[in-house]
Amino acid sequence: MSKTAKLDLGENQIELPIIEGTEGEKAIDISKLRGTTGFITYDNGLGNTGACLSDITFISGEKGILKHRGYLIEDLCKNSSFLETSFLVVNGELPNADQLNRFKTAIKEGSKIPEGVKNIIKSFPQDAHPMGITSAAMVALSGFYPQFLDQDLSADQKTQIIPLLMGQLKTICAAVYRHGQGKDFIDSDSSLDYTADFLYMMTGEKPNEDIAKALDVLLILHADHEQNCSASTVRVVGSSKANLFASLSAGIDALWGPLHGGANQAVLEMLAAIQNDGGGYEKFIAKAKDKEDPFRLMGFGHRVYKNFDPRAKVIKSYCDEVLEKLNVNDPLLDIAKGLETTALNDEYFAARKLFPNVDFYSGIIYKALGIPTNMFTVMFALGRQPGWMAQWKEMIESPAMRITRPRQVYQGKTSETF
Ligand code: CMC
């Protein structure tokens, strides 16, 4: 017999079904709560709310585990490419050789962006933030691919639009970078792999293998992260049956914030500020602990991980390797290491289980690869797109899909107030 939880509301006692996940998570299904009792639940920031049932990604925040479709992130980084991981995240299985080939070909064929989108990118001021331009270019694609605006896409349309958008976003991100540099755009080179082609379109040079490999691993690390702020945004927007272009554009906007993907830019800015201040990071740690000061240690803490972020562990080991291969000696890395050690030994951070997250080290690698700071979050978006599309696809294919429409507890004036 399935388990239930008993809820005693005075005159109302009800039994609520318990749902168990395959990795042991437990949830109380409250979907009938309001209808039967008149009560709703209150969960500020939705930290205790399961907004969907999902087969894509599993995270154990307590143990520091991240898996996509059952595969550990560490194994995916070691043994697969970004495109293989993307296929896995979107379709549920790793591709065989033929599936991978078809996926790659469709992405390559989708890598040429419309002239109109190029013009939209060019129409932005050169110093406009790349995330704003990327989001605008993504939603602008809706005007150029009207065949994908149907409310309910067919299986064929979904098979087409996902690799198409992976190709388009790669080229858009590179064009946004070129625009910021005041340079002409470069067309995709279909002889190159995804990450190498992206770097080629950014720099105009075929990248060395180590650099392309390092970036590929960074993209794998960002491929999905279950119901984070941007993936939830994609789901919320998509739940109104808005098209995928609009849903992804909204996801890009959510990612921009410094508490989410924008943290990678904020970390580098923080490390540079510490360097300019003479390198003493203790003062910044004291600021982060001061409740009167809004400053937070960027790249530290996570809603779900109360242990080391497994992505940060992989990045940290890559960081030393990449800097050595590129022969880069970055003093910001020493500051980052000192900051990390001091924070990890500090009672404030230990008590709150605040560990370095994925953004703490990614910026240092991006910097070593020559990518400017304001492009860091765009790199995150490029990596996260398969996750967003997988979350969207899973949602629209679920028979249980409903428009997302939370409730509230109204605390404002009443007519009796006047
Ligand atoms: N520096 C100083 N104190 C912190 C920090 C930090 N980075 N993060 C959390 N705290 C404190 C917070 O003040 C609170 O203290 P108290 O209990 O005394 O009030 C406690 O830790 C719990 O924090 P919270 O704000 O309730 O945690 P949250 O789950 O709402 O926020 C977070 C998670 C990631 C937004 C937050 O840790 C943060 O702002 N970190 C810095 C930004 C950052 O690195 N973001 C990237 C996240 S990883 C990439 C991604 O997936 O988006």
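Close-up 1. Ile 211 is in contact with Leu 199, Leu 326 and Leu 369, leaving aside neighbours within four places in sequence. Contact means heavy atoms within 4.5 Å. Ile 211 belongs to helix H9. Helices are DSSP runs (H or I, at least four residues), numbered from the N terminus. Ile 211 and Leu 326 are 115 residues apart in sequence, yet 8.1 Å apart in space, C-alpha to C-alpha. This is a predicted model: local features need pLDDT of at least 70, side-chain atom pairs count only at pLDDT 80 or more, and totals for chains, interfaces and linings use all residues. Residues are numbered from 1 along each chain as its sequence is written, and side-chain values use heavy atoms, with hydrogens and water left out.

**Close-up 2. The buried face of helix H5.** Helix H5 spans residues 115–122, and its buried residues are Val 117, Lys 118 and Ile 121. Seen down the axis of H5, these residues fall within an arc of 105°, so they line one face of the helix. The arc is taken from the directions from the helix axis to the C-beta atoms. Buried means under 20% relative accessible area, exposed over 50%, and partly exposed in between (1.4 Å probe, protein chains only). The buried residues of H5 pack against helix H6 (130–140) and helix H7 (155–180).

Close-up 3. The ligand is surrounded by 21 residues; the closest are His 260, Arg 296, Leu 297, Gly 299 and Arg 303. The shell divides into 10 nonpolar, 5 polar and 6 charged residues. Nonpolar means Ala, Val, Leu, Ile, Met, Phe, Trp, Tyr, Cys and Pro; charged means Asp, Glu, Lys and Arg; the others, Gly among them, are polar.

**Close-up 4. N and O atoms facing the ligand.** A backbone N or O atom of Leu 259 lies 3.0 Å from a ligand nitrogen atom. A polar backbone atom of Gly 299 is 2.8 Å from a ligand oxygen atom. A polar side-chain atom of Arg 352 lies 3.0 Å from an oxygen atom of the ligand. Taken alone, the ligand exposes 940 Å², and the protein buries 77% of that. Areas come from the Shrake-Rupley method with a 1.4 Å probe.

**Close-up 5. Two loop residues with positive phi.** Most residues other than glycine have a negative phi. Glu 226 has a positive phi near 40°. Glu 226 sits in the loop between helix H9 (209–221) and helix H10 (229–238). Lys 353 has a positive phi of about 55°. Lys 353 lies in the loop between helix H16 (347–351) and helix H17 (358–368).

Methods
A residue is near a molecule or strand if one of its heavy atoms lies within 4 Å of it. A polar contact is a pair of N or O atoms within 3.5 Å; within protein, one must be able to donate a hydrogen and the other to accept it, and residues adjacent in sequence count only if both atoms are side-chain atoms.
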